Amino acid sequence: MRLREKASLYSPSVRDLADRALDAAAAAGAGYADCRVVSRTVHGLTVKNGAVARVALSDDEGLGVRVLVDGSWGFASSDRLDPMSIETTARHAVRIARAAARVNADPVRLAPLAPLTGEYRTPVLRDPFEVSLDAKLQLLMQTDAAMAGVAGVRVRESSLEFVREHRFFASSEGMALDQTIIESGGGLDATATGDDELQVRSFPNSFGRHQLCAGWEAIDEMQLPQNAERVAAEAVALLTAEQCPSGRMTVILDSTQAAMQVHESCGHATELDRSLGFEAAFAGTSFLTPELLGNFRYGSELVTLTADATSPRGLGTFGWDDEGVAAQRTLLVDQGTFTGFMSSRETAAAIGRESNGTMRADGWSRLPLIRMTNVNLEPGESSLEEMIAGTERGVYLETNRSWSIDDRRLNFQFGTQNGWEIVDGKRTRLVRNALYSGITPEFWRSCDAVAGPQEWRMYGVVNCGKGQPVQLMHVGHGAAPCRFRDVHVEPAG
Amino acid sequence: MRTGDEMLAFGEAAMQRARSDAAEVIVSEETSELTRFAANRIHQSVAERALRVRARVIGDSRVGVAELRGEGEDAAGRVMRSAEQARALSQPSAVSPLPAPDGGADEPVAFSEHTATATPEQRADMVAAVTAAAAAAGLNAYGSLSTTTSSTAIVNSNGIRRQATSTQSSMVVVVRGDDGAGYAASHSASLGGIDGAAVAAEVIETCERNQHATAVEPGDYEVVLSPYAVTDLLEHLSWVGFSALAKQEQRSFMRLGERLMSDTVSVLDDCKDPALFPFPFDAEGVSTKVVTMIDRGTCAAFVYDTPTAASDGVTSTGHGLPQPNTWGPYARHLVMRPGGVAHAELIAGVRRGIYVTRLWYVRDVHPLRTIITGMTREGTLLIEDGVLTRPVRDLRFTQSVVEALDSVLQMSSDRRLELGEDGTAVLTPWLHLARFSFTS
């Protein structure tokens, strides 16, 4: 069976699939069951060194069934959507749960949730799937040509990606939720090589592309061809730039690197499943524990962090999470004080709270986990210009190049593609191979400036890994340039 | 699951729909189940099955690719129509030709009926044995036990027709006490090859040794790295340097004929080694050859796919990923030649140093110089006068892999199989290194 092009609450075929799965699970003994029917289309285009390297169109559809039996979870999924296969999948989920229940002493309890029905669709100005592939390739070819004009660039790569995902969620508690999520992403990388040096500059962000829940307008706004020559020239300039200075100094992060800092040191640290040990064998735990809620100084008073699934255009923006909990905004850190976790119905119940709606699954075949929605550093009142002017000795760091943090999210080291030395309140020379490191709460407590709304941007991370089997999630981060005092900085190599 | 013949027939049926001059179809079907546990309790237990079809069509110097996951109506026809659509809308470019049959056999393949027929109850029982052992020691176990069966068929219009079905079982366990943890893992084609009791004993011993760690000053230390840790180093080299594309784009640290590492270090890619999940062909249907990348410390060879081989005027070594791609070929069956002493003797040879069980979050700092950073995790122990004396707090390292492997003093005769972060199978000994740089 093939899902209808636009799944809908009123589409009997998708509802029938879900109902059949829920009925089969109940008949097999499930005390609770939910079902997600998901259809995802991805168009990816890449141009590399003047040639079309990839025009790939992909479709992905299937169904996942999650059940509670005797207080234990089971999950099974299949791409076979005929009635008999759906029932087999549901019964297998029940069998898996029953096998787990033989081992488990304590039953899972779920935080309460009122049943509801509804529809959500990502607002877009121009549907990216209605823009021709030819127009998309032309844009990438123009971008490539602009980079090609810069002598010394060894590898040029630019790409676009568009995602449309229909999700239908139903549960034995009476939920029926229909969502269509649309994402548009693009970016470029210029690689320059020398005898013993390799430098990459990316735009608008590293990791291949910048992506938003938005339409083609997001691609227009990036102005890839207009920025390509400048970015390529920066890669070449880095080959002969001085090494980054070493020592303790002031660090100013651009908004893309601030987003990465938020992702690693706040986003993952405030996932309640990590704090409770669910990820201890793989992604790790967290230095933040429930006992610290409301009484731990995470950062300075300028630091307010939220998990906000309602942020416009964020990759973590939706109508409901994959347990049916409505999108919402949660204060994680309020003016420096640790105040909240991202949670699920199971983990929230474990600490006596209600879920704040952050359960997300990587498609139909994977179990929902607590994942970041849009974890944002709320804007402050400063500006990049003001921060630089107020810095006697330091570096302004742009665009992530390297990222590593320990399994409790405390000890981190990041590298950036670009660095600018700051002396006596002025941005002076370009420096390369910059690394900075620290301990999460010490670092955020040293934050003495965050730029205001005019410099605040939403960014997307499309490669956030977690869970076993591993799941890659698209998450959002709103951030603005921010300044930190007395940070350890050194050059790589 | 489909039989091998059914997989090939599916691929050929899809290829018949192609209108372009040349076509390739990759069909893969996978069933995978995983039982995950935390705090001596099964908290996530999952199963998935899916069919994937990938079509590549070539004509008029244009390439189109389409992928589909799902057993929907007319999957073969849909994926080929999408590929033709992508090709028609693409632009003329230099196109790498499809490979031709090379006469290679569709074996050896890592396959076990025991894994292919594993049940949720079997996995739950094996997990229960581990959690019971941890509980008996007053500890908590966390981890997963997975069983996977994958069938792959590749056909192309040049006559390639390959098919293989493989299995993999993996048990990964972390055991935590009041103030410290241990790690152990075991991987095998057969679920019967996973000795849960041995894994439990190893991880509990490490956990009990690793309680109440105290800090040591960062700096350069003599180290003994377990195979779990060495795996990350070798997988990193594979990513940044063993690929012919990395060489062609001047991104590789490798300089053929130049000795960069200790002459005790030899690293090869061996898809035929029975310990390493053998698999006979790559994603283009080309037979995978055994390639020695580092021969007694000297850069000896790169791995190739069809495009990079054509560029260098050589033959593909059969290390291609699905084409076209911008990543190049990849070595995913890494073997480091062993040394001559038991790993316990490596520790006995250290006056003052650090034993590292596992590395974590290893990332590039400077790819051309193979500098990486990461943390130690779940078993970082001080060695004094040849004995593991006390646990030390986890440390951040920032270190050139090449320089680390140039400082090998000894390597063990015994080896372990571990899977890297990206699933690369790595068979490696314990290493005793003269220097390893811990930075915080």
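**Close-up views of a two-chain predicted model**

**View 1. Strand pairing between chain A and chain B.** Strand 2 of chain A and strand 3 (residues 62-69) of chain B run parallel and are joined by 5 bridges. Strands pair if DSSP finds at least two bridges between them. Asp60(A) stands opposite Arg69(B) in strand 3 of chain B. Helices (H or I, at least four residues) and strands (E, at least two) are DSSP runs, numbered from the N terminus. This is a predicted model, in which local features need pLDDT of at least 70 and side-chain atom pairs count only at pLDDT 80 or more, while totals for chains, interfaces and linings use all residues. Residues are numbered from 1 along each chain as its sequence is written, and chains are lettered from A and ligands numbered from 1 in the order in which they are written.

**View 2. The interface of chain A with chain B.** In total, 66 residues of chain A are in contact with 69 residues of chain B; contact requires C-beta atoms, placed from the backbone, to lie within 7 Å. Strand 2 (residues 51-69) of chain A gives the most to the side of chain A that touches chain B, with 12 residues. That side has 27 nonpolar, 21 polar and 18 charged residues. Ala, Val, Leu, Ile, Met, Phe, Trp, Tyr, Cys and Pro count as nonpolar, Asp, Glu, Lys and Arg as charged, and the others, Gly among them, as polar.

**View 3. Helix 3 and helix 5 of chain A.** Helix 3 (residues 133-148) of chain A packs against helix 5 (residues 224-240) of chain A at an angle of about 25°, with the axes 7 Å apart. The two helices of chain A are therefore roughly parallel, a term for angles under 35 degrees. Axes are lines fitted to C-alpha atoms, for helices over the stretch in contact, and angles run from 0 to 180 degrees between N-to-C directions. Helix 3 of chain A contributes Leu139(A), Gln142(A), Thr143(A), Ala146(A) and Met147(A) to the contact, and helix 5 of chain A contributes Leu224(A), Pro225(A), Ala228(A), Glu229(A) and Ala232(A). By class, this contact has 7 nonpolar, 2 polar and 1 charged residues.

**View 4. Helix 4 and helix 5 of chain B.** The axes of helix 4 (residues 120-136) of chain B and helix 5 (residues 196-209) of chain B come within 9 Å and cross at roughly 30°. Helix 4 of chain B is therefore roughly parallel to helix 5 of chain B. Met126(B), Ala129(B), Val130(B), Ala133(B) and Ala134(B) in helix 4 of chain B meet Gly196(B), Ala197(B), Val199(B), Ala200(B) and Ile204(B) in helix 5 of chain B. The contact has 9 nonpolar, 1 polar and no charged residues.

Key: Parallel < 35°, antiparallel > 145°, perpendicular 65-115°, else oblique. Contact = placed C-beta atoms within 7 Å.
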